[in-house]
Each structure stands twice: as structure tokens, then as C-alpha cells.
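Here is a two-chain model to go through by question and answer. Each answer sets a value against its criterion and concludes.

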Amino acid sequence: MRECYGKTLVELGKENPDIVVLDADLSRSTMTQLFAGEFPNRFFDCGIAEQNMVGIAAGLAASGKIPFASTFAVFAPGRCFDQIRMSIAQPGLNVKLVTTHGGITVGEDGTSHHSIEDLSLICSFPGFTVIVPADAIETAQAIRVAATSYGPFYIRLCRPKVPLVYNQDYRFNLGKAITMRQGKDATIIAIGLMVKAALEAADNLKREGIDCRLLNISTLKPIDEAAIIRAAAETGAIVTAEEHLEHGGLGSIIAQVVARHYPVPIEFVAIKDTYAKSGKPAELLQRYGLTAKDIEQAVRSVTKRKGG
Amino acid sequence: MPLGEDRSPLSTTSVYNVKAEVFSSLSIKKMEEIAKRLRRHIITMTGKASSGHPGGSLSAVEIVTVLYFRLLRHKPSDPQWSDRDRFILSKGHAAPLLYAALAECGYFPVDELSTLRQLDSRLQGHTDRTVTPGVEMSAGALGQGLSFAIGIALAGRLNSQNCRAYVLLGDGECDEGQIWEGAMAAAHFKVDNLTAIVDNNRQQIDGWNRDVMNLDPFNEKWQAFGWHVIEVDGHDFTQLIDAFNQAKLVKGQPTIIIAHTIKGKGVSFMENNPDFHGKAPNAEEVEIALKELA
């Protein structure tokens, strides 16, 4: 995903001279270094100073540039929340924050580098568009849409290489959930690398006779309420799956929509109010309950609660 | 009163020809008159609102007068003019001062100043770029304006424009770490189309800077961060004008003007009184102040 981000930025940079890129000393990881190599005078490494980076991005945007600013997800918005709030969100400036290393699959670096709150924080800003792509193909398209849509964007990528869940025919549709499997017994709503796990879970459950709908809701904000309400109405039970705390992310957002419009039982596959620690990405996903098996377990559990 | 479709002000109660691009013709005497007028506006509008920040607005009056009425290339009839010089009020609580200057320039009617801080007003408690013509940045959360100004200056350079970015910082504001992140970056990126000014009135809410969080040696800090430093009496028009002109000639590094000022300048009971950082004058105090500023 990160490599794809870097390459897409270079393409965009060739197409539009107003694209500028900023980083906070992580360009070898976020892959903004690819843009830096091609367009050194349009690239600003701000060093380990995320607050300043956000402010400079805002000033560039106020002057008509299209800034893409990157760092690890744990540092933006975490480290520069007020700066994003007052310099970007409140004035609705055209800044694209693209963070990498979301979730706990950052792995061995441990808690300080894991990002399990970023979606909760960033979705709290009015006017922000928040996208969590599921694979490299979706990433490339989301980045392009961000570049050509006016307003603040947050796009969260992960550290590991993830298998593709889409092919070249896929068309990313901003603000719309994608139905990846039809079904009538329950709906799994997943984002990011949990989409792959959700696909696996849905296939396994089908063999058991549980027919799951699967939605990839890659645009977390503005959320596709219609698709969620339809899912609640037509399947009667929902499981959400995210590489994030239970608090404030995908699960919370879905729960609000459902509670308001069409209450049904929901289960949340997410990190339960704790910090993850160092470990291999696959080990951490297992330890903290973010695998296909966890999704299957949640579906069995939530379908039992149906039809009260 | 709304702006016209072309964003030109609908009132003509401003001091001079609003179509001029560069207001460079004003004499020192004329600027002194304007400064007094701005001070009166600050007192009246915060008094009317019973809310606002008179102290730090009054200390920066001469600085803002020189900028808006002498130095900046700007067009009140076209606040979005792409070649304009940009002024960022990083110490966003001095909004009353900025609003007074913008109104006198003709960005919006002078009588709109009485709507400060009211519900649905275009004049928000701290600057809001989404509602007020002529305001470049939504400030108020201190420490953010220098970074913003650097972004503007860098864009100007990328666009090969001749315009300049100016940013007014508070001295207490320099407690914020982000200011020093910006200071490092401005020097690193050699942002020489940026002039910063510090309203060095030496006070913050909890008292004198030296007692709350000592900033000294202040000039030396900016020099150490790679800035060209000019010190002036922040209430002396000639010194300010000379400093701003000198800053324009400095190449390869940003310039900061450390303006020594008096918090609450012009109103006897507000001068050097941190109580009036964020406290508006009551009706009686307004009357006394306006007599002093007559």
C-alpha cells in the first residue's frame, strides 16, 4: 500500500504542479521519498515536528497548493490534534493527511508506534473525509480522489504488504460501501486489512450454513448510512471489524447509525480497551482478537442474539 | 451589513482611497491619528461585547497600523487578490485590533465592529478565516501561526511571486514548542520572504513573562535559530517602518522584529496590567479610556 501511495504521488506530481508533499522524517517508510526524488523543490521534510508540518501544510493549502502530508498514523492526529483542528478542519482547508503504519500490524516497534485511536480522533473533526483502503488498488484510487476533491482528507494505510482484495476493474466510489459478498444471515462490515480476514471468515461461515453479507466501508466519513441501514434491515445482525480500539472507530460509528435508524444486535471485532505490545504482526492480530476466526466467532454470537 | 457580490465593502466610511494597492503615502502624523482611532475601536467594541482581549490588542496597534496603512500590498475590495502580502495574526486574541484595522481599510463597514463576539457575527472572538473578509487564518490556539505563515511564504516562492508573509506572534505565545519548530524550519528552508514580529509586551495571563516562564535571552534565541533579528520600540512608527524595510532586503534567512511594547498601551489603567489581557472594560472604564484616547 505504501509503495503504491508513493508511486501515485509521483504520477499526480507530474500531472499537477500544485501538488506538494510534506513528511516528518519518515519518508523512507511512508514512501513520500519517491516524490521527493522526482520533485525535490516541492517536497518539504519538516523533520520530527508534526505540529509544524501540519501548520505548513495548512498555509500551503491556503495559498492554493494541494499538500499531501505524511507520517505514522500514531503521530497524526495524535501528536498534532489541535493543529489539525484549528489549521485544517475548522477552516476546511485542502490538506490531505496520508498516514501509514495504522493499527497494530506495525508489530515489533511496540505500543508507542501502534495506532489504535487515530480513527476515533480524526472522525471527530467536522468536514474531514476519512478513508481506510483495503488494498493497494483501492489505495491508488483513493489517493487520486483525494487529490481532485476539495477539502480535508485523512487516508490511513498499514505497514505490511496486504494481499489484493480487488482487481484492476475495481472502481473506488467515495462515500459508498462496497458489497463484496451478498448474504442474508448477518453482515460483516470491515475496513483496511480486516477486509481480507472478513472475506476468509465469510467463506468459512458459508460452509457452516451462515450466509454473510460483507461490506467494505472504506470511506469511514462520510459514512454510507443507507448501506448500513439496508444491511441491518435485510440481515438483522452486524459484526464490525477494524484494526483499532473498540472506542470511537468503525464500530462506534456503525453502532450510532444502527441505533438511530434500525437497531439490531452488533458485535465488535476490535481491540478491547488495551494497548498492544511488541510482537510479529500476525502474532499481534491473533493475541488481540483481530483474525478471521475472531470474526467468525462474533458472527456466531451475534446471530444467536437475533430474532428476540 | 453584507459584502457586495464582488466582496467590495458597502460602506465608505474609511480613511483613504480603498482602491490603492499600496498604502504608502501616509505621514507619521496621519498614522498616529489612525492608531488612536484603532485604540478607540478596541475599547468600544470590547466594551460593547463585555468580552475580549484589550491588553494585547492595544500593545500591537502601531505594528498593525504600519502594516495595513503603509507597508502591505493589499486590496480591501479584493481580499483574495492572489499577489497580496499576507498578514497572519498568530496571537489571535488580538482580533479586535485586526478587525478595527480591516474595517478602517474598508474590508467591511466600521459599524459592524459593534457586533464583536455576538451570536452569528462575522467578527468571532478569535480570528476565523471562514467568516471575516481579510482574515487569513483561524487563530486563537497559540503557537500555530508561524507554521501557517511559513506555508504561505513557501507557496509564494513556489509560485515565484513577489508577495511577502508577515506573522505577529505574542511573546507568551513563544512558550509553545511549535513556535520553535517553526523557527527551525523557517531558517532551514531559508524562508526570506517571511517577516515575523513579536509583540514583546513582556506579560502573559498569569503575570510577567520572566515570572511565569522566562523567555530570556530572547533575541539570542532567535539568532541561534538562524534568524535575522531587529529590535525596535514597538510604538515608534519610524523604527517600525525602518525595520520592516530592512527585513525585505535580508536574503537567505527569515527576519524577526522584536517589538518592545506596553500591554494595554494608551489606556492608563490597562498599561502593564495583566488583568486586562482577557477582561473587557466596563461602561465606566470605557468612558475613562475614551477620554484618554480623545
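Q: What makes E7(A) and strand E9 of chain A a pair, and which way do the two run?
A: The model is predicted. Two strands pair if DSSP finds at least two bridges between them. Three bridges join E7(A) to E9 (residues 212-216) of chain A, and these strands run antiparallel.

Q: Why are E7 and E12 of chain A called edge strands?
A: The open sheet of chain A has five strands in the order E7-E9-E8-E11-E12, with mixed pairing. Strand E7 (178-181) and strand E12 (266-271) each have a single partner strand, so one side of each is left without a neighbour in the sheet. From one strand to the next, the twist averages 25 degrees.

Q: Which helices lie across this sheet of chain A, and at what angles do they run?
A: Helix H9 (residues 225-235) of chain A lies across strand E8 (186-190), E9 and strand E11 (238-245), running at about 170 degrees to E9(A). Helix H12 (residues 292-304) of chain A lies across E8, E9, E11 and E12, at about 155 degrees to E12(A).

Q: How do you know that the size of chain A agrees with a compact globule?
A: For 308 residues, a compact globule would have a radius of gyration near 19 Å. Chain A has 19 Å, which agrees. Its C-alpha trace spans about 60 × 40 × 35 Å along the principal axes. The secondary structure of chain A comes to 12 helices and 12 strands.

Q: What makes chain B as compact as a globular protein of its length?
A: Chain B has 10 helices and seven strands. The globule rule gives 19 Å for 294 residues; the radius of gyration of chain B is 18 Å, close to that value, so chain B is as compact as a globular protein of that length. Its C-alpha atoms fill a box of roughly 50 × 45 × 35 Å, taken along the principal axes.

Q: How do you know which way H1(B) and H10(B) run relative to each other?
A: Helix H1 (residues 28-49) and helix H10 (residues 283-292) of chain B pack at about 170 degrees, with their axes 10 Å apart. Angles over 145 degrees count as roughly antiparallel. H1(B) and H10(B) are therefore roughly antiparallel. Among the contact residues are Arg40(B) and Ile43(B) of H1(B), and Val286(B) and Leu290(B) of H10(B). The contact residues divide into five nonpolar, two polar and one charged.

Q: What makes E1 and E6 the edges of the sheet in chain B?
A: Five strands form this open sheet in the order E1-E2-E3-E7-E6, and the pairing is parallel. Strand E1 (86-89) and strand E6 (228-233) of chain B each have a single partner strand, so one side of each is left without a neighbour in the sheet. Six bridges join strand E2 (residues 165-170) to strand E3 (residues 194-200) of chain B. Gly170(B) stands opposite Asp199(B) in E3(B). H5(B) lies across E1, E2 and E3 of chain B, at about 170 degrees to E2(B).

Q: Which helix supplies the largest share of the side of chain B that touches chain A?
A: In total, 22 residues of chain B are in contact with 22 residues of chain A. The largest share of the chain B side, 10 residues, comes from H5(B). The residues of that side divide into 10 nonpolar, nine polar and three charged.

Key:
Residues are numbered from 1 along each chain as its sequence is written. Chains are lettered from A and ligands numbered from 1 in the order in which they are written. This is a predicted model: local features need pLDDT of at least 70, side-chain atom pairs count only at pLDDT 80 or more; totals for chains, interfaces and linings use all residues. Axes are lines fitted to C-alpha atoms, for helices over the stretch in contact, and angles run from 0 to 180 degrees between N-to-C directions. Helices (H or I, at least four residues) and strands (E, at least two) are DSSP runs, numbered from the N terminus. Angles under 35 degrees count as roughly parallel, over 145 as roughly antiparallel, 65 to 115 as roughly perpendicular and the rest as oblique. Two residues are in contact if their C-beta atoms, placed from the backbone, lie within 7 Å. Ala, Val, Leu, Ile, Met, Phe, Trp, Tyr, Cys and Pro count as nonpolar, Asp, Glu, Lys and Arg as charged, and the others, Gly among them, as polar. The radius of gyration is taken over C-alpha atoms; the globule rule is 2.2 Å times the number of residues to the power 0.38.
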